[in-house]
Structure formats: structure tokens, C-alpha cells
Amino acid sequence: MEVFTFERKIKHYSSYQKILLVGEGDFSFAVCLARAFGLAVNMVATSLDSRESLMLKYSEAMSNVKELEAKGCIILHEVDVHSMSRHPLLISIRFDRIIYNFPHAGYLHGPFSSEHNRFQIWFHQDLIRGFLQNASEMLTAIGEIHVTHKTKFPFSEWKIVELAQKIGLYLVHEEQFSPWDYPGYENKRGAGMCDQTFPVGMCSTFKFAKLLCHSTTSGFHIGITTSGPWSGYSGINGPRMQW
């Protein structure tokens, strides 16, 4: 099998990282990364759809999947983000980056649903909560979870940063997202008119990492793991702060 002889990057992502992509629509984001890297042996790309469903929903999906497979990417179908940490082919793998672009739980009331509806927002929050819980169990020590999400109302009401904090994740960084940074990527609706794109508007990539807590003989210790400039920082050690 071919391997990378030198590192290749695109935006936040590197050919030296083990990358898991979830909730892929037509797999065009995964293809974008694979083309930037030259190979995709460091990538696992998944979708909730079956292979047959992809053929019906997205016109470019199968050509994208075949290109990814030819580059060495592992493709998995019918992967639920609420149970992916227990998937038989994923349970023993740890990832440096787990990516979920524009998560959406679908519509509670079909075409009559409104994103402003409180129950619809709760529905989305349940999706995010389950994803973050599973993803947090699949990270390496310096791994990050990246969620790209709209930031204007009513999408801001999903409060994904607060949801992450409640399960032991902290926000490493929030960066404005631009599709132009990812040549060939086409966001897809996934529900309704699946093969159509949608305006992303104001949106950001939220980067989360694990906040590790463990007891010590002197009290307690909170360790923050990140691959950024704060790598190795120990925040609280016993009764006083240490830098």
C-alpha cells in the first residue's frame, strides 16, 4: 500500500492525521481532502445512507465514492453518529480529527417544519449531543472534533458549545468557514431535495477537544489536550494554578 512520503495540508487538515468524516452527503468534502493529500489512506468517510440510497439521492455520490476507494479511503455506509463508537469497524480506531459538516437531524413535520420551532431545535440538539458523546470516545490524546455549523438565528439556538461542555469537551477555536477553501466541495441538503446545495450564510468551524480530569495525591488535576500552542498545558494542580 502506498504511504505519504511528505506531509500535505489543506486548511485545518493534514495527510499525517487520522481523519474520520461523518454525515457525508455526496462525499465531495472527503474527495476534496483526498485530492489535496494525493492519497486517502489516512481517512475513513461515512454516511447514514446505504450505498443504494446514495445512488438515488446524489448524482455525483458514486463517482466520488469510487475515487475515494481508489485513493485508499475506507468507506462505511449506514453509520449512525449516535452509535458509531461501537461500530465493529471503528471501535478500535482512534482519530486525530473527526469532522461533521452542517449536521441536521431532518424535519419533524416534513415540508411543514420550521427551523424556528423549539421542538425542531431540540431534535437537532439531540443529534449533536449523541454525536459529540460518541466522537469524544474515538479521539486520540491530541484529537479534535470539528463541527461546521451556521451561526445566525435560529441555528445559534442549538448552542453546540454548551452541549460540548456538558460532556467534557472544551472549545479550542472557532473559525469562520468558507466553502471556497475546499475546492470541489458541494454541501447538500440531505432532506427533501437532497441533491441541491443550500446557502451556508454565516457559519463557523467549531473545534473541540477533551478536557481530561483525574485525581492525584495532592488533590486534583485538570489537563487540557490540544495540538495547538497550548499543548502540554496543565491548568489546575491541587489547590493553586500552575502554568
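Trainee: Which residues do ring pairs link into a cluster?

Mentor: This is a predicted model, and in it ring pairs join Tyr-13, Phe-29, Phe-102, Phe-177, Tyr-182 and Tyr-185 into a cluster.

Trainee: How is a pair of aromatic rings described?

Mentor: A pair of aromatic rings is described by the distance of the centres and the angle of the planes. The count here comes to nine aromatic pairs. One of them is formed by Phe-29 and Tyr-185, with 5.1 Å from centre to centre and 85° between the planes, an edge-to-face arrangement. Phe-29 belongs to helix H1 (residues 28-37), while Tyr-185 sits in the loop between strand E8 (169-176) and strand E9 (203-216); the pair thus links distant parts of the chain, 156 residues apart.

Trainee: Are Phe-29 and Tyr-185 buried or exposed?

Mentor: Buried means under 20% relative accessible area. Phe-29 counts as buried because its relative accessibility is 1%, and Tyr-185, at 14%, also counts as buried. Another edge-to-face pair consists of Phe-102 and Phe-177, with centres 5.7 Å apart and planes at 85°. Phe-102 lies in the loop between strand E6 (95-101) and H4, and Phe-177 in the loop between E8 and E9, so this pair ties together parts that are 75 residues apart in sequence. Relative accessibility is 13% for Phe-102, which counts as buried, and 6% for Phe-177, which counts as buried.

Trainee: Which residues line the largest cavity?

Mentor: Rolling a probe the size of a water molecule over the atoms shows where empty space is left. In this model the count comes to one cavity of 30 Å³ or more, and the volume of the largest cavity is about 30 Å³. Its lining consists of Lys-11, His-12, Glu-175, Gln-176, Phe-177, Ser-178, Asp-181, Tyr-182 and Thr-205. Phe-177 and Tyr-182 are also members of the ring cluster.

Trainee: How many salt bridges does a search of the whole structure find?

Mentor: The search finds ten salt bridges. In one of them, Glu-175 is paired with Lys-11, the closest N and O atoms being 3.0 Å apart. Glu-175 is in strand E8 and Lys-11 is in the loop between strand E1 (9-10) and strand E2 (13-14), 164 residues apart, so that distant parts of the chain are linked. Lys-11 is partly exposed, at 42% relative accessibility. A network of salt bridges links Lys-11, Glu-175, Asp-181 and Lys-207.

Trainee: Are Arg-97 and Glu-144 buried or exposed?

Mentor: Their side chains meet in a salt bridge with an N to O distance of 3.7 Å. Arg-97 lies in strand E6 and Glu-144 in strand E7 (residues 139-150), so parts that are 47 residues apart in sequence are tied together. Arg-97 counts as buried at 7% relative accessibility, and Glu-144 is buried with a relative accessible area of 5%.

Trainee: Which residues form a nonpolar patch on the surface?

Mentor: Leu-108, Phe-119, Trp-122 and Phe-123 form this patch, and together they have about 410 Å² of accessible area. Trp-122 is placed in helix H4 (residues 118-136) and is partly exposed, with a relative accessible area of 46%.

Trainee: Where does Val-81 lie?

Mentor: Val-81 is found in the loop between strand E5 (74-76) and E6, and Val-81 is buried, its relative accessible area being 6%. The C-alpha atoms of Val-81 and Phe-131 are separated by 5.0 Å, although these residues are 50 residues apart along the chain.

Key
Residues are numbered from 1 along each chain as its sequence is written. This is a predicted model: local features need pLDDT of at least 70, side-chain atom pairs count only at pLDDT 80 or more; totals for chains, interfaces and linings use all residues. Side-chain values use heavy atoms; hydrogens and water are left out. Patches are made of residues with over 30% relative accessible area and no salt bridge: like charges are joined within 9 Å, nonpolar side chains (Val, Leu, Ile, Met, Phe, Trp, Tyr) within 5 Å. Accessible areas come from the Shrake-Rupley method with a 1.4 Å probe; for residues, only the protein chains shown count as cover. A salt bridge is a side-chain nitrogen of Lys or Arg within 4 Å of a carboxyl oxygen of Asp or Glu. Helices (H or I, at least four residues) and strands (E, at least two) are DSSP runs, numbered from the N terminus. Buried means under 20% relative accessible area, exposed over 50%, partly exposed in between (1.4 Å probe, protein chains only). Rings of Phe, Tyr and Trp (its six-membered ring) pair if their centres lie within 6.5 Å; planes under 30 degrees apart count as stacked, over 60 as edge-to-face and the rest as tilted. On a 1 Å grid over the protein atoms alone, a cavity is a set of points where a 1.4 Å probe fits but cannot get out, and a pocket is an open set with protein on both sides within 12 Å along at least five of seven lines; lining residues have an atom within 4 Å of a point. Grid points are joined across faces, edges and corners, and a volume is the space filled by probe spheres set on the points.
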